[in-house]
Amino acid sequence: MERTFPECRGKVLFVHLVRWNIGIAQFPPGRLREMTALRKQLEGWRELFDLCGDYLDGLSSEGALRTGEEAAERVTNHLVRR
Ligand SMILES: Cc1cc2nc3c(=O)[nH]c(=O)nc-3n(C[C@H](O)[C@H](O)[C@H](O)COP(=O)(O)OP(=O)(O)OC[C@H]3O[C@@H](n4cnc5c(N)ncnc54)[C@H](O)[C@@H]3O)c2cc1C
């Protein structure tokens, strides 16, 4: 705790660690590389149907929001050009 959060040094009363591996999605090696390649391909995607969601970027709310913004920008650009 004190190594990761140095500002807590000297203030930690106790540490209780729970490992919950079964509850966390474990991707095989290479998964993030595949998702990066898919997102690169999507940059050239020109359809009204699009993809977004946390699975495209590391399983976080921020990833879900960012990929949603990217999909919305692609669809908007596509509609503007039509
Ligand atoms: C316990 C827990 C804690 C988390 N804590 C954090 C955190 O601290 N910070 C963080 O950044 N992220 C956290 N996350 C991850 C974060 O919640 C997700 O990454 C994010 O919500 C994914 O958003 P999404 O829109 O891609 O998918 P989702 O939020 O899963 O949305 C998918 C939607 O599609 C709907 N749906 C599914 N199938 C169908 C269907 N067939 N037809 C119609 N609708 C359908 C679902 O009902 C759902 O509303 C946590 C997740 C969990 C489970």
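Asp, Glu, Lys and Arg are counted here as charged, Ala, Val, Leu, Ile, Met, Phe, Trp, Tyr, Cys and Pro as nonpolar, and the others, Gly among them, as polar. The model is predicted, so that local features need pLDDT of at least 70 and side-chain atom pairs count only at pLDDT 80 or more, whereas totals for chains, interfaces and linings use all residues. Residues are numbered from 1 along each chain as its sequence is written, and side-chain values use heavy atoms, with hydrogens and water left out.

**View A. Lining of the largest pocket, by residue class.** The residues that line this pocket divide into 7 charged, 3 polar and 3 nonpolar. Helix H1 supplies the largest share of the lining, 5 residues (helices are DSSP runs of H or I, at least four residues, numbered from the N terminus).

**View B. Phenylalanine 5.** Phenylalanine 5 lies in the segment before H1, and counts as partly exposed because its relative accessibility is 38% (buried means under 20% relative accessible area, exposed over 50%, and partly exposed in between, with a 1.4 Å probe and protein chains only).

**View C. Serine 60 and threonine 4.** Serine 60 belongs to the loop between H1 and H2, where its relative accessibility of 30% is why it counts as partly exposed. Although serine 60 and threonine 4 are 56 residues apart in sequence, the C-alpha to C-alpha separation in space is 21 Å.

Notes:
Helices (H or I, at least four residues) and strands (E, at least two) are DSSP runs, numbered from the N terminus.
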